[in-house]
Amino acid sequence: MGDDTPHHRPSVTPRAILVIEDDRDIAGLLELHLRDGGYDVHLAQDGATGCQQAITKPYDLIILDLMLPSMDGLEICRALRMKANYTPILMLTAKSTELDRVLGLEVGADDYLTKPFSIRELLARVKALFRRVEVLKTPTAGGEQKQICAGDLVIDADKRKVTLSGKMIDLTAKEFDLLLQFAQ
């Protein structure tokens, strides 16, 4: 069958993923498998460096360890969610209690994976996050809908912000996604 074309998306720029992980073995393993999956992978090994990279360069996804030197994953997640540009965050951590998972999701992580994890599951979650982002980016019939207004409720899809009667409403990433889907 002599197929000379590259697999999947021949001329599309690979999606950029920032991995903020202080364990060199885990970071190297993630880099290897994500590159094999066709992603452009960048590494940061401490919180402050990773946060700076995440703020100054555009990434399609951030894989973020919770416990990092100089700045923890929760602080980084909060800092990134205060910015206008939305980047999905997959949080990795050795902490597996329900409270830790809830806290990670509450500060804005889109998904949460506990260590030890399987690479196949991580890659599946990465793909699922990209699918979710594509669905949210797909314009509705009018194609111009950046804000949705329903009475006193205003949903700004670009900034991922919600106001009710002029007051900001804090939502987790999943709550925002669901609200936006229902509103559309």
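User: Is Tyr-39 buried or exposed?
Analyst: In this predicted model, local features need pLDDT of at least 70 and side-chain atom pairs count only at pLDDT 80 or more, while totals for chains, interfaces and linings use all residues. Residues are numbered from 1 along each chain as its sequence is written, and side-chain values use heavy atoms, with hydrogens and water left out. Buried means under 20% relative accessible area, exposed over 50% and partly exposed in between, with a 1.4 Å probe and protein chains only. Tyr-39 has a relative accessibility of 11%, so this residue counts as buried.

User: How do the rings of Tyr-39 and Phe-130 lie to each other, and what is the pair called?
Analyst: Rings of Phe, Tyr and Trp (its six-membered ring) pair if their centres lie within 6.5 Å, and planes under 30 degrees apart count as stacked, over 60 as edge-to-face and the rest as tilted. This rule gives a count of 1 aromatic pair. The ring centres of Tyr-39 and Phe-130 are 5.7 Å apart and their planes stand at 35°, so the pair is tilted.

User: How many residues apart in sequence are the parts that this pair ties together?
Analyst: Helices (H or I, at least four residues) and strands (E, at least two) are DSSP runs, numbered from the N terminus. Tyr-39 lies in the loop between helix 1 (24-36) and strand 2 (40-44), whereas Phe-130 belongs to helix 5 (residues 119-137), so the parts tied together are apart in sequence by 91 residues.

User: Which residue has its charged end over the ring of Phe-130?
Analyst: Phe-130 itself counts as buried, at 4% relative accessibility. A charge sits over a ring if NZ of Lys or CZ of Arg is within 6 Å of the ring centre and within 35 degrees of the ring normal. At 4.3 Å from the centre of the Phe-130 ring, the charged end that sits over it is that of Arg-15.

User: How many of the residues of helix 3 are buried?
Analyst: Among the buried residues of helix 3 are Leu-74, Ile-76 and Cys-77. Helix 3 (residues 73-81) is largely enclosed by the rest of the structure, because its buried residues number 7 of the 9.

User: Which residue joins Lys-115 through a cis peptide bond?
Analyst: Most peptide bonds are trans. Here a cis bond, with omega of about -5°, joins Lys-115 to its partner, which lies in the loop between strand 5 (111-114) and helix 5. That partner is Pro-116.
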